[in-house]
Amino acid sequence: MRINKYLAGCGVASRRKCEEYILMGKIKVNGRVMKDLAYDVDEKNDVVTFNDKPLKYEEQAVYYMLNKPKGVISAAKSKYGETTVVDLIEGEKSRIYPIGRLDKDTTGLIFLTNDGNLSYKLTHPKFEKEKTYEALVKGKVDNDDMNKLKKGVVSSDELLKASYVRLIRMVKGDSLLQITLREGKKRQVRRMCDCIGHSVIELKRISEGGIDLGELKPGEYRKLTAKEVKKLIGGK
């Protein structure tokens, strides 16, 4: 990590002010004055001091919720130059990453953070964090179809089921469903709907872990409140 970012993360000052301190000779690395602004700190092995006082890097945890637009990938980086969810968070200097995934054509709620504990709580199956989607599917879905989704369908030797399903309304002969899951298998809603013969036209996640997407428009985001973070981390 570049030394000015490391110092800022330790609470010394802003990155620019930290550069001034470096040039003034106030920073030592492993007992030697460090004046190289491009120096990369080895966080595990280097001992960094400011005015001869040891520093400890503690990056502040940050939490965002984003309404992911269609065509954006759920990743921190792209090998092929695609726009990622992290690209949409402007001005954030911490190394954030998305929690879980929405496929490229799916829109809606996704969380981004640098907090591994929250990521674990939302993705490990044992916590059974609910995720709710709105799915526009082809054709008319009847009660038998919805019961199949709740009882479970088999796709690629996996049993996939919803904890809750309801028909919201018909849209020009197609069905808009609300589907809630307590598991998070790859492309699960799409696969389940394929199994009952009603393929997904549009898919949007509207809630996760008890936090609703609300009024955020595609591409918009905001920081989570302390109360929301506590809700996500605590309980099932």
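Is Tyr120 buried, partly exposed or exposed? Tyr120 is partly exposed, at a relative accessible area of 36%; buried denotes under 20%, exposed over 50%, and partly exposed the range in between (1.4 Å probe, protein chains only).

1. Basis of the note. This is a predicted model, in which local features need pLDDT of at least 70 and side-chain atom pairs count only at pLDDT 80 or more, while totals for chains, interfaces and linings use all residues. Residues are numbered from 1 along each chain as its sequence is written, and side-chain values use heavy atoms, leaving out hydrogens and water.

2. Aromatic pairs. The whole structure contains 3 aromatic pairs; rings of Phe, Tyr and Trp (its six-membered ring) pair if their centres lie within 6.5 Å, with planes under 30 degrees apart called stacked, over 60 edge-to-face and the rest tilted. One of them is the tilted pair of Tyr21 and Phe50, with 5.0 Å centre to centre and 40° between the planes. This pair links distant parts of the chain, 29 residues apart: Tyr21 belongs to helix 2 (residues 15-23) and Phe50 to strand 3 (residues 48-50). Helices (H or I, at least four residues) and strands (E, at least two) are DSSP runs, numbered from the N terminus. Tyr21 is buried at 17%, and Phe50 is buried at 19%.

3. A further pair. Tyr120 and Phe127 form an edge-to-face pair, 5.4 Å centre to centre with 85° between the planes. Phe127 is buried, with a relative accessible area of 14%.

4. Lys5. This residue lies in helix 1 (residues 3-9) and is buried, at 14% relative accessible area. Not counting residues up to four places away in sequence, Lys5 touches Arg15, Tyr57, Lys93 and Arg95, contact meaning heavy atoms within 4.5 Å.
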